[in-house]
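Hi,

Here is the structure I said I would pass on. Have a look, and my notes follow below.

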Amino acid sequence: MRILQQLRDQDRAGDMQALVDHIPYARFLGIQADIKGSEVTMILPFKDSLIGNVNLPALHGGAIGAFLEITSVVQLLFNTSCERLPKTIDISIDYLRSGKPVDTFGRATVTRQGRRVANVRAELWQDDRSKPVAASHGHFLLAPS
Amino acid sequence: MTTDDASLETLPPHGEAIGIEMVAIEGRKCTVKVPYAAHLVGDPDTGIIHGGVITATLDNASGWAIRCHESWHSGISMATLDIRIDYMKPAVPGMDLFVQSECFKVTRNVAFVRAFAYQDDIDDPVATSVASFMLGTPNEARQ
């Protein structure tokens, strides 16, 4: 992705918000990146178009899945200086609680980073960090194809 | 995804935002389409749609497949317990995406669904998924 090179050239390799703003689908979801030191917190501000169940109401599982995936990839890009966007090989998502119509936060941990593949775990929560709404673990391809 | 017992044609707001359309129902299988759109792109350099769009469509189509199963009856609510997605290859930019899902087992509490995301050939999929859904989950706001 050209943006990764541009950010590095401008010495803004850690500017994850600029990266997120560059991805049309992330922009469409309204995702924000908040960085404090070495920790990246991703934010999915609530909006009506994220709803999957109008009766509860609850967030759409797909929106939650997409947010987990983006949280994982952004953490990976923050930790490493990949030249290209890591490709998702697989992701396994556990839905733990129904997502309420409020803002959602996400953090990811790179559990292992190899030369070609990285293992990343991610967790989402809403008003209480100790009550996650969803968790995922995924494998991401780092090496150029 | 959690769904209500609305008809198969009723899209949740997020399904509508992505642009999911029901294409066909044959037995236990259902097929949906996502027309290619600029806001679904994951990498603006290539125009390839984001994996998250595929995740959302697989999840939505998997929920719909349960309602195609012969033992499902109107009024059963459901919520995704887990979904595992394997990405086989990037989607070709500019082409519509299809998902065919099949609910192959329904028990008293759980439904099992697999799904294929593809563009022109289901035997050369973009992604596949396996999901399980809890049935009879609460479907009203808790006080």
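How many helices and strands does chain A have? There are 4 helices and 8 strands in chain A, taking helices (H or I, at least four residues) and strands (E, at least two) as DSSP runs numbered from the N terminus. Their order along the sequence is α-α-α-β-β-β-β-α-β-β-β-β. With a radius of gyration of 15 Å, close to the 15 Å that the globule rule gives for 145 residues, chain A is as compact as a globular protein of that length (C-alpha atoms; the rule is 2.2 Å times the number of residues to the power 0.38).

Bear in mind that this is a predicted model: local features need pLDDT of at least 70, side-chain atom pairs count only at pLDDT 80 or more, and totals for chains, interfaces and linings use all residues. Residues are numbered from 1 along each chain as its sequence is written, while chains are lettered from A and ligands numbered from 1 in the order in which they are written.

Now the strand pairing in chain A (at least two DSSP bridges between two strands). Strand β6 (residues 104-113) runs antiparallel to β2 (residues 39-44), joined by 3 bridges, with A:Gly106 as the partner of A:Met42. β6(A) also runs antiparallel to β7 (residues 117-125), through 8 bridges, and A:Gln113 is partnered by A:Ala118. 3 residues separate β6(A) and β7(A) in their hairpin.

On confidence, the model scores ipTM 0.88 and pTM 0.92. Chain B averages a pLDDT (the predictor's confidence in each residue, from 0 to 100) of 90.

Cheers
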